[in-house]
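Me: I have a structure open and would like to go through it with you. Could we begin with the term needed for describing how accessible a residue is?

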Amino acid sequence: NNDIPGFHNLKILSFDRLGFWLDGKSSAGAELSKIARQMVVDRLLRANKDKLKIFDKAADLPGTAAKLAGVITELHECAVSLEDIHELNARLSKDQPNSITTLKYSDISIIFQKYLEFIQDNENNFINPDARLSNACSKVAGAEFLKKAVIWVDGFASFTMQQQQLLAQILKASSEAEIALCLDPSKINI
């Protein structure tokens with residue numbers, strides 16, 4: 001019956017699934033789980049212990065790798081690049097060369113760089129799920145299923161920086177968009 005309204009060719013995607021559609025379908029390799037990322041960071045901490053200034057003493061302690069793996073995940077979610085960390089570290093080193101903050105960022109910079117090198121090493125053949133959305137941003141323009149698509153975003157109270165960047169690219173490619181946010185009306189300041 002043609003009188004019944006409805007949708008067809010509808011795709012309901014989380015950000016992770018959208019990232020997979022844009023970036024992951026063509027990528028080969030195993031996706032690193034949260035535990036696997038912690039194991040990689042633990043290995044990197046132990047291998048680079050002599051280069052670390054603050055985390056050298058904590059490299060062998062339980063929980064250090066998990067905390068640093070969490071920091072790496074947050075760096076990705078906030079779309080912070082290795083260059084951003086190096087730039088911050090250079091500014092801190094200039095202003096406060098021996099402060100604990102400077103030394104911690106120096107250690108984070110070393111581990112973050114080694115982590116990215118590990119992921120990018122073709123022999124490892126791993127997919128970094130934390131970087132999937134950032135990688136997907138560059139593929140939006142070529143995604144046929146997004147060209148002139150009507151987009152609905154619903155059920156979010158906030159977005160990570162990666163999600164914001166991906167949404168911005170999707171909005172450029174789509175013909176129309178509706179975004180509904182879960183916000184407390186009494187706390188909205190317009």
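Reply: Buried means under 20% relative accessible area, exposed means over 50%, and partly exposed covers the range in between. Please keep in mind that this is a predicted model.

Me: Then where does Asp42 fall: buried, exposed or partly exposed?
Reply: Asp42 has a relative accessible area of 23%, so it counts as partly exposed. Asp42 sits in helix H2, which covers residues 34-47.

Me: What does Asp42 touch, apart from its neighbours within four places in sequence?
Reply: With those neighbours set aside, Asp42 is in contact with Ala59 and Ala65.

Me: And how far is Asp42 from Ala180 in space?
Reply: The C-alpha to C-alpha separation of Asp42 and Ala180 is 41 Å, and in sequence they are 138 residues apart.

Me: How do the lining residues divide into nonpolar, polar and charged?
Reply: There are 16 nonpolar, 3 polar and 2 charged residues in the lining of the largest pocket.

Me: Next, Ser174. Where is it, and is it buried or exposed?
Reply: Ser174 lies in the loop between H7 and strand E4 (176-181). Its relative accessibility is 12%, so Ser174 counts as buried.

Me: What does the side chain of Ser174 reach?
Reply: The side chain reaches the backbone oxygen of Leu171 at 3.4 Å. Leaving aside neighbours within four places in sequence, Ser174 is in contact with Leu146, Lys148, Ala149 and Ile151.

Me: Last topic: how many aromatic pairs are found in the whole structure?
Reply: The search finds 4 aromatic pairs. One of them joins Phe15 and Phe159: the ring centres are 6.1 Å apart and the planes are at 80 degrees, so the pair is edge-to-face.

Me: Where in the chain are those two residues?
Reply: Phe15 is in helix H1 and Phe159 is in the loop between E3 and H7, so this pair, 144 residues apart, links distant parts of the chain. Phe15 counts as buried, at 10% relative accessibility.

Me: Which residues do ring pairs link into a cluster?
Reply: The cluster consists of Phe15, Phe156 and Phe159.

Methods:
Residues are numbered from 1 along each chain as its sequence is written. This is a predicted model: local features need pLDDT of at least 70, side-chain atom pairs count only at pLDDT 80 or more; totals for chains, interfaces and linings use all residues. Side-chain values use heavy atoms; hydrogens and water are left out. Ala, Val, Leu, Ile, Met, Phe, Trp, Tyr, Cys and Pro count as nonpolar, Asp, Glu, Lys and Arg as charged, and the others, Gly among them, as polar. Helices (H or I, at least four residues) and strands (E, at least two) are DSSP runs, numbered from the N terminus. Buried means under 20% relative accessible area, exposed over 50%, partly exposed in between (1.4 Å probe, protein chains only). A polar contact is a pair of N or O atoms within 3.5 Å; within protein, one must be able to donate a hydrogen and the other to accept it, and residues adjacent in sequence count only if both atoms are side-chain atoms. Contact means heavy atoms within 4.5 Å. Rings of Phe, Tyr and Trp (its six-membered ring) pair if their centres lie within 6.5 Å; planes under 30 degrees apart count as stacked, over 60 as edge-to-face and the rest as tilted.
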